[in-house]
Amino acid sequence: MLMEGFLQNEQKHMKALVYTSANKVTYRDEPSPEPARGEAKILIDAVGICGSDMHAYHGEDARRVPPLILGHEAAGIVVSGNQTGQRVVLNPLITCGTCKDCRDGRNNLCAERKLIGMNYPGAFAEYITIHEKNLIPMPEGMNPVHAALTEPAATSLHALHLAQRSLHRPISEGRALVIGGGSVGLLAALLLRSQGCLEILLCDTNPLRRETAIQIGCCNVFDPDQEPENINNSFELVIDAVGMETTRSMSIRAVRPGGVLMHIGLQHGSGDCDFRKITLSEITVIGTYTYTHRDLQAALQKLHSGTLGDLTWIEERPLAEGASAFSDLNGGRLAAPKIVLLPHV
Ligand SMILES: [Zn+2]
Ligand SMILES: [Zn+2]
C-alpha cells in the first residue's frame with residue numbers, strides 16, 4: 001500500500017533524523033534522494049541505532065560531520081528500477097570493487113571504503129539511495145525489524161570466523177567471555193551458543209543490559225565490578241565488544257595461555273596494554289572490522305532461520321521519536337540491546 005502511494009505521488013521531501021550538533025538529533029524535512037545511474041531508491045522499513053551512531057552523537061567521531069543523517073543498519077523495499085518491490089537489507093559499506101582486497105572478497109579492508117551514515121546520508125530517513133550491488137534480498141516473509149539486525153550480526157559472525165581460524169581447538173570445546181552486552185556482544189554470545197561453545201560468560205556494568213542478557217538465557221551473566229574473580233586467565237576466547245582501556249586490560253587478564261583475544265569495540269583507541277602477558281602466554285590478538293558481503297548474507301539467513309533465537313529483545317520506536325531514543329541510550333536508561341527505528345509508522 002505504502003509503496004503504491006509512493007509510486008503514484010512522488011515526493012520531493014521526506015522526514016529524516018538529522019545529527020545537527022553534539023548531543024542533538026533533529027527530526028525534520030530533508031530533500032528526498034534521487035537515484036543516480038546504477039542506484040536504487042529504497043523505502044526504509046526498519047533501521048537500528050548502532051554504537052557508532054551514539055559515538056557520532058557525542059561529537060566524538062571526526063569522520064561523521066554534522067549536519068548528517070546517521071544510520072546504516074537498514075531493511076526496506078526497493079521503489080525504483082528493475083528490482084522494484086523486492087524487500088532488501090542494505091550492505092552499508094561502499095567499496096571500490098577493483099582493488100586487491102575487493103577482488104579477494106575482503107571489501108571491508110578496501111582503502112576506498114566509505115559508509116552510509118558517515119560519508120553519505122544514512123538510513124534514519126524515509127528513503128535512501130544506494131548502489132544496486134549493495135542490496136541483499138530478504139527471505140520471503142521475514143520481519144524487517146529482525147532483518148535490520150543483519151549488520152551487527154554480520155559483525156559478530158565475521159569476528160567469530162576470524163577467531164575460529166586462530167583457536168587451537170574448536171570453540172565447542174572451550175570457554176568464551178564476551179565483554180559488553182550491546183547487540184554485537186549479545187549476538188556474539190548467541191552465535192557462540194549456536195556453535196556449541198561449552199561455556200559462555202557475558203559481562204556488562206549496566207544492570208539493565210545484564211537483566212536482558214539473563215532473560216535471553218544464552219549465557220552466564222555477571223557484573224565485572226562485583227565479580228572480578230571471573231576475569232581469571234581461563235578463557236580460550238575473549239571478545240571485547242566495547243573497546244576501552246579498561247575492557248582491553250580485562251580481556252588480557254581473562255584470556256588463558258594460547259588463547260585468542262578478539263577486539264571489536266571502537267570506543268577509545270589508546271591506553272596501556274599488558275604486552276608482557278600477550279608475549280609470555282602466546283595470546284593471539286585480532287582486530288576485526290565490519291564484515292564482507294558474504295557475512296551479511298550468512299547473518300541474514302541465521303536471523304531468519306531462528307538460529308539466534310526469537311529476537312524479542314529488540315525495541316521498536318517510530319523514527320519521529322528518534323531524539324528521545326538517542327537521549328535514553330545516552331543516559332543508559334534502556335534495557336534493550338538494540339533500538340530499531342521505524343520511519344513509516
Ligand atoms: Zn552498526
Ligand atoms: Zn576496494
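User: Hi! I'm new to this one. Which residues coordinate the zinc ion (ligand 2)?

Analyst: Welcome! In this predicted model, the zinc ion (ligand 2) is held by the SG atoms of Cys96, Cys99, Cys102 and Cys110, at 2.3 to 2.4 Å.

User: What geometry does the site of the zinc ion (ligand 2) have?

Analyst: The site of the zinc ion (ligand 2) is tetrahedral, and the angles among its four donor atoms run from 106 to 116 degrees.

User: Great. Now the other metal: what coordinates the zinc ion (ligand 1)?

Analyst: The zinc ion (ligand 1) is coordinated by Cys50 through SG, His72 through NE2, and Glu73 and Glu151 each through OE, at 2.2 to 2.5 Å. In sequence, these donor residues are spaced C-x21-H-E-x77-E.

User: Where do Glu73 and Glu151 sit?

Analyst: Glu73 lies in strand 5 (residues 73–78) and Glu151 in helix 5, so this pair ties together parts that are 78 residues apart in sequence. Both Glu73 and Glu151 are buried.

User: Why is the arrangement around the zinc ion (ligand 1) called irregular?

Analyst: Because the four donor atoms around the zinc ion (ligand 1) subtend angles of 81 to 157 degrees. To count as tetrahedral, four donors need all their angles between 85 and 135 degrees.

User: You mentioned His72. Which residues does Leu115 touch?

Analyst: Leaving out residues up to four places away in sequence, Leu115 touches Arg64, His72, Pro92, Leu93 and Tyr120. Leu115 lies in strand 8 (residues 114–115), and at 6% relative accessibility it counts as buried.

User: Let's switch to helices. At roughly what angle do helix 5 and helix 6 cross?

Analyst: The axes of helix 5 (residues 150–166) and helix 6 (residues 183–194) cross at roughly 55 degrees and come within 8 Å. Helix 5 and helix 6 are therefore oblique to each other, and the crossing is right-handed. Helix 5 makes the contact with Pro152, Ala153, Thr155, Ser156, Leu157 and Leu160, and helix 6 with Ser183, Val184, Leu187, Ala188, Leu191 and Leu192.

User: What about helix 5 and helix 10: how do they cross?

Analyst: The axes of helix 5 and helix 10 (residues 293–305) come within 8 Å as well, and cross at roughly 110 degrees. That is why helix 5 and helix 10 are roughly perpendicular to each other. Helix 5 passes helix 10 in a right-handed crossing.

User: Which residues meet there?

Analyst: From helix 5 there are Thr150, Glu151, Ala153, Ala154, Leu157, His158 and His161, and they meet Asp295, Leu296, Ala298, Ala299, Leu300, Lys302 and Leu303 of helix 10.

User: Which residues of helix 8 are buried? And what covers them?

Analyst: In helix 8 (residues 245–254), the buried residues are Thr247, Arg248, Met250, Ser251, Ile252 and Ala254. Their cover includes strand 11 (175–179), strand 12 (199–203), strand 14 (235–240), strand 15 (255–263) and helix 9 (275–280).

User: Last topic, the backbone. Where is the cis peptide bond?

Analyst: The cis peptide bond joins Pro66 and Pro67, with omega at about -5 degrees. Pro67 lies in the loop between helix 2 (51–57) and strand 4 (68–69).

User: What is phi for Asn233, and where is that residue found?

Analyst: Asn233 has a positive phi of about 60 degrees although it is not a glycine. Asn233 is in the loop between strand 13 (220–222) and strand 14, and at 39% relative accessibility it counts as partly exposed.

User: And Glu282: what is its phi?

Analyst: Phi of Glu282 is near 50 degrees, a positive value in a residue other than glycine. Glu282 sits in the loop between helix 9 and strand 16 (284–287). With 63% relative accessibility, Glu282 counts as exposed.

Definitions and conventions
Residues numbered from 1 in each chain as written. Chains lettered and ligands numbered in written order. Predicted model: local features only at pLDDT ≥ 70, side-chain atom pairs only at ≥ 80, totals over all residues. Heavy atoms only, no water. Donors = N, O, S within 2.8 Å, 3.2 Å for Na, K, Ca; no water. Tetrahedral: all angles 85-135°; square planar, octahedral: opposite > 155°, others 65-115°. Axes fitted to C-alpha atoms, helices over the stretch in contact; angles between N-to-C directions. Helix = DSSP H or I, 4+ residues; strand = E, 2+ residues; numbered from the N terminus. Parallel < 35°, antiparallel > 145°, perpendicular 65-115°, else oblique. Left-handed = near helix turned anticlockwise from the far one by under 90°. Contact = heavy atoms within 4.5 Å. Buried < 20%, exposed > 50% of the residue type's maximum accessible area, 1.4 Å probe, protein only.
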